[in-house]
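Dear colleague,

Please find below the structure that I am handing over to you. My notes on it follow.

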Amino acid sequence: MSALPERVPAVVIGAGPAGLAAAAELQRVGIEAIVLDKADRVGASWAGHYDRLHLHTSRGLSGLPGYRIPRRYGRWVARDGVLAYLAEYADLHALDVRLGVEASAVERGVDEWRVAWRRGDESGAIATDTVVVATGYNHTPKRPDWPGLKTFTGKVVHSSEYKNPGLLAAREALVIGPGNSGAEIAADLADAGVRVSLAMRTPPNVVLRAVAGIPSQALVLSMSPLPVRAQDALSGLLQRLVVGDLRKHGIPKAPRGIATQQLRDDVTPTIDVGLLRALKSGAVKVVAAVERFTTDTVVLTDGTELHPDAVVLATGFQRGLEPLVGDLGVLAASGRPLINADAQLAAHPGLFFVGYSNPLTGNLRQVGLDATKIAKAAASALAKKGHPAVLR
């Protein structure tokens, strides 16, 4: 187990796609960076996802800077393919990744940052000029506390804990939440013969993963220069043409257009990878939102009572950044960073966040672009300080 340095030009917190991309780009501009992650492998959050998961964005638009995702992983890369690619990426760029090391706090010194860390019984701090926080958009599971939930005797798992129908071992399941995880888990269970109810409070915008062979991500990119209202109009027209009216399957029209819903509510569209087929066959039934639980019953807001063997909470995630940077005044009330990419707060020069924008154009694509911006900004700041590594 190698010792951690007392000082290094840059510390990247998180060895997922955003952190690896940031470290590679910092290295490319001559800035030595160390990556800290408490997990035992790079991209560990991907290892925890359900077995069925594939990227909803195409391979060609999901690679990180300096290494495209190889064709052998297919157009829609599977979970294990993403893990393999991230390991290859770290090896190719010879990144200094320290696994099993938890960054516990980021603190501002007189003219530098200090990143406190823990590793087993060890602890310490690394002084640095640049800190890049890349702990992931989906970091901490969000678990609503409905009345009676703790007394419910059926199995209750968050979507982050769900793996496959076999392990859930349910004959009848309730999935709460119609977002991407909830929709795909509902379809996964239905394909295995489980009777599935999908509870929703706010109707989602449902879109296809590809239209006429063109990835929806590419279509969104082509619309992105347009005003939000125009994006809503064009994407809405496409929805009506290729998805159709879902009211007969229990999904009313979403309250906002796709672009507006993302901008105002931070809600991305639900990309269909099996839900529509399951709805049309009757294998998944859309039901009202959950009101409360009893020992053996889930009571919905319309008075309906369900008796599922298992409940899957596809209720989203929080950023979970408060323990790390909560004392710095850099988080909004929602817990999301006030800045992203190369944006800087005047009081905190050298502190960057990457991977928290969650754009319609694809998060993996965006973290690559943002990592490059961060590296350029960090190099400029260090050059002004006369740092030898970037004076060339």
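Is leucine 237 buried, partly exposed or exposed? Leucine 237 is partly exposed, since its relative accessible area is 42%, where buried means under 20%, exposed over 50% and partly exposed in between, with a 1.4 Å probe and protein chains only.

Please note that this is a predicted model, in which local features need pLDDT of at least 70 and side-chain atom pairs count only at pLDDT 80 or more, while totals for chains, interfaces and linings use all residues. Residues are numbered from 1 along each chain as its sequence is written, and side-chain values use heavy atoms, with hydrogens and water left out.

Surface patch

Leucine 237 belongs to helix α7, residues 228–242; helices (H or I, at least four residues) and strands (E, at least two) are DSSP runs numbered from the N terminus. Together, Leu237, Leu241 and Val242 make a nonpolar surface patch of about 280 Å². Patches consist of residues with over 30% relative accessible area and no salt bridge, like charges being joined within 9 Å and nonpolar side chains (Val, Leu, Ile, Met, Phe, Trp, Tyr) within 5 Å. A salt bridge is a side-chain nitrogen of Lys or Arg within 4 Å of a carboxyl oxygen of Asp or Glu. Accessible areas come from the Shrake-Rupley method with a 1.4 Å probe, and for residues only the protein chains shown count as cover.

Backbone angles

Most residues other than glycine have a negative phi. Alanine 94, however, has a positive phi near 50°. Alanine 94 sits in the loop between α3 (79–92) and β3 (96–99) and is exposed, with a relative accessible area of 60%. Aspartate 266 also has a positive phi, near 60°. Aspartate 266 is in the loop between α8 (258–265) and β15 (270–272) and is partly exposed at 23% relative accessibility.

Sheet

Three strands form an open sheet in the order β4-β5-β6, with antiparallel pairing; two strands pair if DSSP finds at least two bridges between them. At the edges stand β4 (102–108) and β6 (122–128), each with a single partner strand, so one side of each has no neighbour in the sheet. From one strand to the next, the twist averages 20°, with axes being lines fitted to C-alpha atoms (for helices, over the stretch in contact) and angles running from 0 to 180 degrees between N-to-C directions. Strand β5 (residues 113–119) is joined to β4 by 6 bridges, and the two run antiparallel. Alanine 105 stands opposite alanine 116 in β5.

Aromatic pairs

How many aromatic pairs are there? The count is 6, where rings of Phe, Tyr and Trp (its six-membered ring) pair if their centres lie within 6.5 Å, and planes under 30 degrees apart count as stacked, over 60 as edge-to-face and the rest as tilted. The rings of tyrosine 67 and tyrosine 85 are stacked, because their centres are 5.4 Å apart and their planes at 20°. Tyrosine 67 lies in the loop between α2 (44–47) and α3, and tyrosine 85 in helix α3, so the pair ties together parts 18 residues apart in sequence. Tyrosine 67 is partly exposed at 22% relative accessibility, whereas tyrosine 85 is buried at 3%. An edge-to-face pair is formed by phenylalanine 353 and tyrosine 356, at 6.1 Å centre to centre and 75° between the planes; both of these residues are buried. Tyr67, Tyr85 and Tyr89 form one aromatic cluster.

With kind regards
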